[in-house]
Amino acid sequence: DRANFTAAAMLGIERSLLVGRNLVASVTRRSRDDFHLHLQAVFSEDKKVTSDLTVIGEAGMERVMQLESQSVDGDADVPDHCRTALIDVTQQRDPAA
């Protein structure tokens with residue numbers, strides 16, 4: 001739950017709106033192809049997949065996020081999905097930010 005609070009704060013989204021939300025809405029246009037490739041890799045490989053993407057964060061500021069995602073098998077009630085950890089790496093990738 002704490003990670004959800006952190007992700008919500010980084011993205012400038014109310015926490016209750018974050019769960020189940022499609023992350024692509026926060027990904028910049030120039031990173032969307034990379035995001036789709038990230039998801040393809042997540043669902044085709046049986047391991048954690050890591051990618052860096054630019055997202056629109058709090059107050060409309062662009063942030064570089066490292067996504068660490070792994071697929072989760074669904075069941076009769078829940079379809080296959082992925083869990084993703086967001087790590088803000090803006091300072092490491094762009095020290096001027």
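Residues are numbered from 1 along each chain as its sequence is written, and side-chain values use heavy atoms, with hydrogens and water left out. Because the model is predicted, local features need pLDDT of at least 70 and side-chain atom pairs count only at pLDDT 80 or more, while totals for chains, interfaces and linings use all residues.

Let's start with the sheet. Three strands make an open sheet in the order β1-β2-β3, with antiparallel pairing. At its edges are β1 (49–56) and β3 (81–88), each of which pairs on one side only. Neighbouring strands are turned by 35° against each other on average, direction ignored; the axes behind this angle are lines fitted to C-alpha atoms, for helices over the stretch in contact, and angles run from 0 to 180 degrees between N-to-C directions. Strands here are DSSP runs of E with at least two residues, and helices are runs of H or I with at least four, numbered from the N terminus. Two strands pair if DSSP finds at least two bridges between them. Between β1 and β2, which run antiparallel, there are eight bridges. One to look for on screen is the bridge from Thr50 to its partner in β2, Glu68.

Side chains of opposite charge can pair when their charged atoms come close. The structure holds five salt bridges, each being a side-chain nitrogen of Lys or Arg within 4 Å of a carboxyl oxygen of Asp or Glu. In one of them, the side chain of Glu68 meets that of Lys48 at 3.8 Å, N to O. Glu68 lies in strand β2 and Lys48 in the loop between α3 and β1, so this pair ties together parts that are 20 residues apart in sequence. Glu68 is partly exposed at 23% relative accessibility (buried means under 20% relative accessible area, exposed over 50%, and partly exposed in between, with a 1.4 Å probe and protein chains only).

Another salt bridge joins Glu62 and Arg30, whose closest N and O atoms are 2.5 Å apart. Since Glu62 sits in strand β2 and Arg30 in the loop between α2 (15–18) and α3 (32–44), the pair ties together parts 32 residues apart in sequence. Glu62 is partly exposed at 39%, whereas Arg30 is exposed at 58%. Glu45 and Lys47 form a salt bridge too, with closest N and O atoms 3.8 Å apart.

Now stay on β2 (residues 62–72) and find Ser69. Is this serine buried or exposed? Ser69 is buried, with a relative accessible area of 1%. Its side chain makes a polar contact with the side chain of His38 at 2.7 Å (a pair of N or O atoms within 3.5 Å; within protein, one must be able to donate a hydrogen and the other to accept it, and residues adjacent in sequence count only if both atoms are side-chain atoms). Leaving out residues up to four places away in sequence, Ser69 touches residues including His38, Val42 and Arg83, where contact means heavy atoms within 4.5 Å.

Finally, the core. In soluble globular proteins, nonpolar side chains tend to be buried together. A nonpolar core is a set of buried Ala, Val, Leu, Ile, Met, Phe, Trp, Tyr and Cys residues joined through side-chain atoms within 4.5 Å. Of the 15 residues in the largest one, Leu11, Leu23, Phe35, Leu67 and Leu86 touch the most other members. α1 (2–11), β1 and β2 are the elements that give two or more residues to this core, and α1 gives the most, with four.
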